[in-house]
Amino acid sequence: MPIYEPHLDQLLQLAAQRGGIDFITDLAAPAAESDAIFIAVGTPSMSTGETNLCYLEAAARSIGAAMDDSRFRVVVNKSTVPVGSGNLVETLVREGIRGAHPGNQKRIRFGVASNPEFLREGCAIADSLYPDRIVLGAGEECMQVLRELYQLLVEQSFEAPVFLPRPAGMSRVPVVTTTLTSAEMIKYAANAFLAVKIGFANEIANICERVGADALEVMSGIGLDGRIGARFLNPGLGWGGSCFGKDIQSLLHTAREYGYQSRMLEAALEVNRAQRQLVIQKLQEKLFILKGRTIALLGLAFKPETDDLRDAPALQIAERLLQMGVRVNAYDPIAMESCRLIHPNLKIHYCESPQEAAEEADALVLVTEWKQFAGLDLADLAKRMCRAILVDGRNLFDPEVARRAGFDYSGIGRPQRAAARTDNPAIPSTI
Ligand code: UDX
């Protein structure tokens, strides 16, 4: 498996056993045999925030070239593309058909649909099999094919894999049927809303910290309000990953093209940028001069259960610390290999364990809330360090437990209590 995604290997094995999956690099045969052709290519950002559609364009042309007149086909866009790209796909498929079948293009029938993807990395399989909703944007002829295709998922009548049983109480999945443009917009609006929601939690957390309130209690207090909802309100070091930043930039770009400035989305990006600086500020408050110190990072991936490092806060934090003359130790259960490969210029000292990372460090920063970190013996970690300072960037640890273990603990949006000793009594202070 070229990426780390829980259960993906098991799912592919299952598909292979049932004879249901092939991997091929030649589009012609599968496109000719299929009723629905999904485009799921990458749509990266350009420096202007605009989406780079070159992969989508190439895919649409090749699909057109591979089509024949044996049946009606739906070209389904799964990639996140700027509003209006459905029309572009249609034009390019037609172009592909014209190039490959001059004179015959009228007999080749197809439609374009939008079926945006809402899965989260780390729980991608569960999100795909047991989704909150399915969004279909298409005309009636395409819609019929898609309804049939998704029937088992909508009715939840497929046999759930043993490694990922169906959640209790899960029944019919709601289907939103709409136009192509609205479906494309739903994807952007959903990601923008989630990013704004997390940004809001971070803003409130920063105020909580100043007034002595506990952001976690505040978030569970507001999350119980059905209009707000408890999910995606965890304050931390800011969101990362391949979607939120890219999608907000793209939506801002679309809005600008139509003469609209979205101040709220601009603020969401700005709040997130600032949130990532918090670790450095907190370390400076505790240690004053950072040059020459050793800082241990626990976690590199942008979130747990993935090895994805795209827009990961850990990279920015490590880069800033290295620029400041800090020795950066890091441990991540899965993402170290990709970090080494993709970012060879980041002179991080990769460690075999959290304990090795903590050895003689001046501070420990929890960047990614991997489950296994929650079970760490904090007293043991504290003893290994020069100074037992813990910046918990994801509020993973109980502050009291960490303080009892000897740490000078600070989380995000959590009140500062009477500080525990920062110097490890077992090791002579080097300040
Ligand atoms: C996101 C969307 O959730 C998904 O619907 C879309 O299809 C792709 O983009 P993903 O980026 O895989 O999914 O992960 P997600 O779980 O949304 O987390 C994104 C970032 O937000 C992570 O860095 C995570 O640490 C952060 N986050 C999430 C918070 O800081 N607080 C939260 O409460 C939730």
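I'll start with helix α6, residues 140-155, which has a kink of about 45° centred on Leu-149. Keep in mind that this is a predicted model.

Which residues of α6 are buried? They are Cys-142, Met-143, Leu-146, Tyr-150, Leu-153 and Val-154. An α-helix has 3.6 residues a turn, so residues three or four places apart point the same way.

Now to the helix pairs. Two packed helices are described by the angle between their axes and the distance between the axes.

Take α7, residues 180-211, with α10. Their axes come within 9 Å and cross at roughly 45°, so the two helices are oblique to each other. The crossing is left-handed. On the α7 side, the contact is made by Ala-192, Val-196, Gly-199, Asn-202, Glu-203, Asn-206 and Glu-209. On the α10 side, Met-264, Leu-265, Ala-268, Val-271, Gln-275, Leu-278 and Lys-282 take part. By class, that contact has seven nonpolar, four polar and three charged residues.

Helix α10, residues 263-287, also meets α11, residues 313-323; the axes come within 9 Å and cross at roughly 40°. That makes α10 oblique to α11. Here the crossing is right-handed. Arg-276, Val-279, Ile-280 and Leu-283 of α10 meet Pro-313, Gln-316, Ile-317, Arg-320 and Leu-321 of α11. This contact between α10 and α11 divides into six nonpolar, one polar and two charged residues.

Note on methods. Residues are numbered from 1 along each chain as its sequence is written. This is a predicted model: local features need pLDDT of at least 70, side-chain atom pairs count only at pLDDT 80 or more; totals for chains, interfaces and linings use all residues. Side-chain values use heavy atoms; hydrogens and water are left out. Axes are lines fitted to C-alpha atoms, for helices over the stretch in contact, and angles run from 0 to 180 degrees between N-to-C directions. Helices (H or I, at least four residues) and strands (E, at least two) are DSSP runs, numbered from the N terminus. Angles under 35 degrees count as roughly parallel, over 145 as roughly antiparallel, 65 to 115 as roughly perpendicular and the rest as oblique. A crossing is left-handed if the near helix is turned anticlockwise from the far one by less than a right angle, and right-handed if clockwise. Contact means heavy atoms within 4.5 Å. Ala, Val, Leu, Ile, Met, Phe, Trp, Tyr, Cys and Pro count as nonpolar, Asp, Glu, Lys and Arg as charged, and the others, Gly among them, as polar. The bend at a residue is the angle between axes fitted to the seven residues ending there and the seven starting there. Buried means under 20% relative accessible area, exposed over 50%, partly exposed in between (1.4 Å probe, protein chains only).
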